[in-house]
Amino acid sequence: MSVTLMGPARNRVDGRLKVTGAAKYSVEFEVPKCAYGWTVESNIAKGKITTIDTKAAQALPGVLAILTHLNTPKFKTAPKKEGASGIRSEERFPLNDDDVHYAGQYVALVVSETIEQARHAASLVRVSYAPEEPLLTMEAAEHKAEKPKKNNDEHVQIKKGDVEAALKDASLVKIEQTYITPTETHNPIEMSGTIAVWEGDQKLTLYDATQFVKGVQNILANAFGLEIENVRIICPFVGGAFGCKGAVWMHVFLAAMAAKVAGVPVKMHVTRRNMFVGTGHRTPTRQTLSLAATRDGKLQAIQHVSETLTSMVGKFTESCGARSTGLMYESPAIRVEETVYPVNVATPTFMRAPGECPGTYALECAMDELAIALKMDPVALRLANHADNHPTKNVPFSAKHLKEAYQLGADKFGWSKRNRDPGSMRDGDLLVGWGMATATYPAHKMSAAAKVQLRVNGTATVQCATHDLGTGAYTAFTQISSEQLGLPFENVTFELGKSDFPFGPVAGGSNSTGTVGTAIHEVAGLLHKALAELAVKDSKSPLFNLKTDDIAMIAPGRIGLKADSAKADAYVDILKRAGKDSIDVQSERKPPEENKKQAFQSWGAHFCEVKIDPILPRVQVTRVVSVMNCGRVVSAKTARSQIIGGVVMGIGMALTEETYYDPPTGLPVTRNLADYHVPTNADVPEIDVAFVGEPDFAFNPIGARGMGEIGITGITAAIANAVYHATGKRIRDLPITPDKLI
Ligand code: MOS
């Protein structure tokens, strides 16, 4: 059967549940006798807790328990690092000692019958500290700087060719600039949260807002010394995550421990305020790009020196250079250097396109600056350096259609009408700027398994312990199931978000559609085989006595002889004649097949327009065209929404978002949505999304490379480049707020 680039544009299967409020998010589950936890946080960034006075709090009505490092039972296993078995960004357990590593660290937890009692009691807990001088900046942590060899198994210090020679070559055109991005904090509408329920002391159920139910299950089982099947994680809906729900955070351990100690279920709903300390953030970055090119625009050297922060309680690395310069353009010499400074700030974590997002911002601004130095069109410069092969792995990219993305994007946008001179384009009194940038994100592959039940009425249920973060995964997986099983879309139900289901990996790295889609493909094949086995034994079947290996799905709802589709049988007829109400089949989880002969990477081009009042230089993004090449687009509507979402987040990064830390205390002072500015509808124009390319069947049998993250890559640079084009001012530290343009 032929597969087109674009899958059908289905409405979300969970749309009605969501708009009617019937979709239950983790903290909305009703658990009898549930108590509430409220944390007390450290107001110093480094030091020791000297005393904790809980007497006044303890005396209040409703208070069931107060946990501090003095009375909290020890967690069992040493905290684990990330991996298939679960993810920790903060590699410690809460309340296990008197050390304070960052401001905002939870130092006590009050459990009460109502949330108001818990909050009031927490306000009466008195904590004294012996503070020490914290390290809060790159400058302060200079002596602790590290250059990690690898990040998640990927080399991050890259050296190819002679970069120094090219950067010294007087015949080449060069630029060298430093770009700064601030700390950014994930702000999904659903804050993180957990309800922990014990049955006896060996069985634990968590309703947890997470991107990885199987990971939470494994880590909690280890932390409490439980059999893995006695820990159940339930998470049918997630109200946005962006990476901050990938790891297991302190509130999850606290909820489970508090429920154990208090002897009642405990709900911990992370406050918006604590989302800024308790569930990670994107680290700030300082990136210096040096480019050297021939006068006709051929890159001879790219050097990307990236400096980022990590924490004292984890090793999270934001790999800016390796994930942009390491693969983006052809050049005989490439050097990527990454330095990480540990500071006394809560730990960073994954945030939509971790590495690629700030990395492409710096690289794609530098490319714009080089285009100007060369008096070259920015698209032409990128075409001149297009990489058919992976520039540092030397294998061809699979199904790369970036040139088409530039072409279609430029056509849709009207790029040829651009006057190259900065400040040359106007709309009445407003300055107009047009900018563009390349987008990129790798195709990640993980392992998963799935289970299907086909019923004699022609309906089926497919299950996998995967997730829908609000991305449309329910819908995409229902579509893939419908296609792979050969059943009408309306007849298929896809279930996810339960650790009882077959293995699903973390919903991160834009891997879910491809990974879980591959598992669905496999289980569909197993189902067809199981049906064939019934048919060949059935004398009334046209397939009687044939070999099962010669049989496959030949049309929706029918299996038949591959060589002669006239010999066929319908699923429901096979089940009916066999006297079966239903048939169940499950696939096995196995490591993903690796293809090292090609590189798998998604691509795109963003074109954007900004308008700026020269007197009050507030930047308004007025038009965006984004053309993406991500392999197959399984679900046209939800895929488009993913790209729009990435672009919206990129507008925030370019113009408004910044988590600011108070220099003396190290506490974030932007701790709510009034101070931390995410884009509103008024900040977001019509975003025109298109897709080019072909299904990437060399990557997986679904042909899909994923959509969740690529939208945010490059867009920030496209906006910054448009601002330069409008004003002639190059702002190299984000966000581009009006004060920087005055
Ligand atoms: Mo995403 S930042 O890989 O959860």
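**Entry 1: salt bridges**

I began with the side chains of E132 and K46, which in this predicted model meet in a salt bridge at 3.0 Å, N to O, the term standing for a side-chain nitrogen of Lys or Arg within 4 Å of a carboxyl oxygen of Asp or Glu.

Residues are numbered from 1 along each chain as its sequence is written, and side-chain values use heavy atoms, with hydrogens and water left out.

Next I looked up K48, which forms a salt bridge with D99, the closest N and O atoms being 2.4 Å apart. This pair also links distant parts of the chain, with K48 in strand 2 and D99 in strand 4 (residues 99-100), 51 residues apart. K48 counts as partly exposed at 34% relative accessibility, and D99 counts as partly exposed at 23%.

A further pair is K412 with D688, whose closest N and O atoms are 3.2 Å apart in a salt bridge. K412 sits in helix 10 (residues 402-413) and D688 in strand 29 (residues 687-691), so that I read this as a link between distant parts of the chain, 276 residues apart. The relative accessible area is 38% for K412, which is partly exposed, and 27% for D688, which is partly exposed as well. I also found D368, E369, R730 and R732 joined into one network by salt bridges that share partners. The structure holds 30 salt bridges.

**Entry 2: cysteines**

How many disulfides does a search of the whole structure find? I recorded zero, taking a disulfide as a pair of cysteine sulfur atoms within 2.5 Å. For C320 the nearest cysteine sulfur is that of C357, 8.8 Å away, and for C365 it is that of C608, 11 Å away. C320 is buried with a relative accessible area of 0%, and C365 is buried with a relative accessible area of 1%.

**Entry 3: helix 8**

I checked the length of helix 8 (residues 356-374), whose 19 residues reach 26 Å from the first C-alpha to the last, close to the 27 Å expected when the span is taken as 1.5 Å times one less than the number of residues. Because 17 of its 19 residues are buried, helix 8 is largely enclosed by the rest of the structure. Just after helix 8, K375 takes a positive phi of about 55°.

**Entry 4**

The bridge partner of L454 is A460 in strand 21, and in the hairpin, which has four residues between the strands, G458 takes a positive phi near 85°.

In a regular strand the side chains alternate between the two faces of the sheet. Which residues cover the two faces of strand 21 (residues 460-463)? On one side I found A460 and V462, on the other T461 and Q463, all buried.

Strand 21 pairs with strand 22 (residues 492-495) in the parallel sense, again over four bridges, and T461 stands opposite T493. The chain crosses from strand 21 through helix 11 to strand 22 in a right-handed β-α-β crossover, right-handed meaning that, with the strands pointing away from the viewer, the path from the first strand over the helix to the second runs clockwise.

For helix 11 (residues 473-485), the 13 residues should span 18 Å at 1.5 Å a residue, and the end C-alpha atoms are 17 Å apart, which agrees. Helix 11 is mostly covered, with 12 of its 13 residues buried, among them Y474, F477, I480 and L485. Just after helix 11, G486 takes a positive phi of about 80°.

Terms used
This is a predicted model: local features need pLDDT of at least 70, side-chain atom pairs count only at pLDDT 80 or more; totals for chains, interfaces and linings use all residues. Buried means under 20% relative accessible area, exposed over 50%, partly exposed in between (1.4 Å probe, protein chains only). Two strands pair if DSSP finds at least two bridges between them.
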